[in-house]
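Q: Please take a close look at one part of this model: the strands and how they pair. What lies around them, and how far can the model be read?

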Amino acid sequence: ACLSGPRAALFFPIGAYPIEGDLPLRSGHLIMGSSQARTHFINPGRETSRIVSALRATGTEHIVVERLVLDNIVVYLEDTSKAVVRFNGFRQTTSKDAQIKLLKASGVVAHNLLWREAENPGSGIALEQSHGVRIDGNGIGVTDPEPAGNEDPHIRELIRDMRALRGRDGSVPLPAPAGHFREAVDVFESSWTQVTGNHLSLSARQPGTDRSSNAMAFRQSGNATVQGNRLVDADPVPGHAPRALLLSSVQDMAIIDNTFKSVPLRIEASPGGMPPRPNKRITVVSNRFYDATGSTNQPVTGAGPDDTTRGDIRFVDNLFVNNDPTLCMLLAPVPPIPDDTFGESGNSMSGGLAARICHLRSLASTLAVQEGRGSQDEPRAPRTSDALDNRPAVPPTPPSTDEPSTAEPSPAEEAQPRWHEFISNAFWGVVDWVKARFA
């Protein structure tokens, strides 16, 4: 199936719809379910179907996928600008590939609920060579409608509905753990990414799954903010490397006001076999670590623009709770020259005790706040840099006064009524009246 026309919209009322094969979307296409209850797309086959962007060679824009529950169906948008994927549920995905993937794209991925059952482990949200994507308010592996820290009403409503809908085999899925993700969020060679307000709950790894999987991973990327997320490993496995928030070969990163529960933070140097790309301008500020720590294997490599310098990584005002106080809460490599290492300030244990810090130099409080984005100030915008190499990027061009701005809407703007929602609500109101009148 394929929509036609420059701005075609396809609305589906409440109900279950069998879907086999891919559904291509072109520029201006909108596919949307009911706002009153769940529109359920079911792929009964073993091979995963895709909602996919058509004409990828020439590019597409303004594609919207909204308010659908997708069984064994993923969203894959390539060469697409201003894409919107929101208020959807994903489950019973047999493919290990990402349930939502944006390749060479921009847009918003917001308020979706992603499940990965034990028999269907795989990836969640993936960005590759994308620019200006906001990943906001998604529930990943969350199955309890009233968990601690989950205040998003959209996610709570999706959880209740998805726990009641029948699965591909006709049975009602039990509320079993559904956080079997290889990597819940994977960002590769992308820039200007915002990851905010997401709730990750990772389930116990099954035998044979990847021992080095991560909760989130940013690789060879730049200009990113990770703020206000809740990352929980519900069942860490002894003997396995903890599933971490991984930063590798990244630049201009801000990690602010997140909660880590049994999910450590790791900043890694470029792996062997890949062109070296320094970690630069990384700030870790005002996060809470429960049974988790922060560490880096990245050494200071010099003082030049292509080096990772002693001022490139900073840890400021982080809190560590329920941790063994004899362990290093923050750990860096032993510097060959004393104090030729990264900086920290104001990191503490619960109860106001100072955290044990290993191989980091102490920063003055005022300097830490000024240069490290301490909690006393609003975070500064990340520096503009190229996401793929070390060269400064061309500064963003201001929007033309003659054409509408291409900037993504703010959360408040995104919450405003849209033309397609108005049409959808009016249309399905008439449908419901007709059903009631002639039932």
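A: Here is a walk through the pairing, the cavity and the confidence of the model.

This is a predicted model.

Strand 27 has pairing partners. One is strand 24, residues 222–227. Strands 24 and 27 run parallel and share five bridges. Within that pairing, Ala224 has Met253 of strand 27 as its bridge partner. Another partner is strand 30, residues 280–285. Strand 27 pairs with strand 30 in the parallel sense too, again over five bridges. There, Ile256 stands opposite Val285 of strand 30.

In general, strands of a sheet pair through backbone hydrogen bonds, either parallel or antiparallel.

Ile100 stands opposite Ile125 of strand 17.

A search of the whole structure finds one cavity of 30 Å³ or more. The largest cavity holds about 30 Å³ of space. Its lining consists of Ile19, Gly21, Leu23, Phe41, Ser49, Arg50, Ile51 and Ile73. Strand 6 (residues 49–53) gives the largest share of that lining, three residues. By type, the lining has five nonpolar residues, two polar and one charged.

How far can the model be read? The chain has a mean pLDDT of 80, and 73% of its residues reach 70 or more. Among the elements of the chain, strand 18 (residues 133–136) has the highest mean pLDDT, 98. Helix 3 (residues 411–414) has the lowest, 43. Over residues 371–424, pLDDT stays under 50. The model has 99 contacts beyond four places in sequence for residues 371–424. Where pLDDT is low, the predicted coordinates should not be read in detail.

Strand 27 pairs in the parallel sense with strand 24 and with strand 30.

Note on methods: Residues are numbered from 1 along each chain as its sequence is written. This is a predicted model: local features need pLDDT of at least 70, side-chain atom pairs count only at pLDDT 80 or more; totals for chains, interfaces and linings use all residues. Side-chain values use heavy atoms; hydrogens and water are left out. Two strands pair if DSSP finds at least two bridges between them. Helices (H or I, at least four residues) and strands (E, at least two) are DSSP runs, numbered from the N terminus. On a 1 Å grid over the protein atoms alone, a cavity is a set of points where a 1.4 Å probe fits but cannot get out, and a pocket is an open set with protein on both sides within 12 Å along at least five of seven lines; lining residues have an atom within 4 Å of a point. Grid points are joined across faces, edges and corners, and a volume is the space filled by probe spheres set on the points. Ala, Val, Leu, Ile, Met, Phe, Trp, Tyr, Cys and Pro count as nonpolar, Asp, Glu, Lys and Arg as charged, and the others, Gly among them, as polar. pLDDT is the predictor's confidence in each residue, from 0 to 100. Contact means heavy atoms within 4.5 Å.
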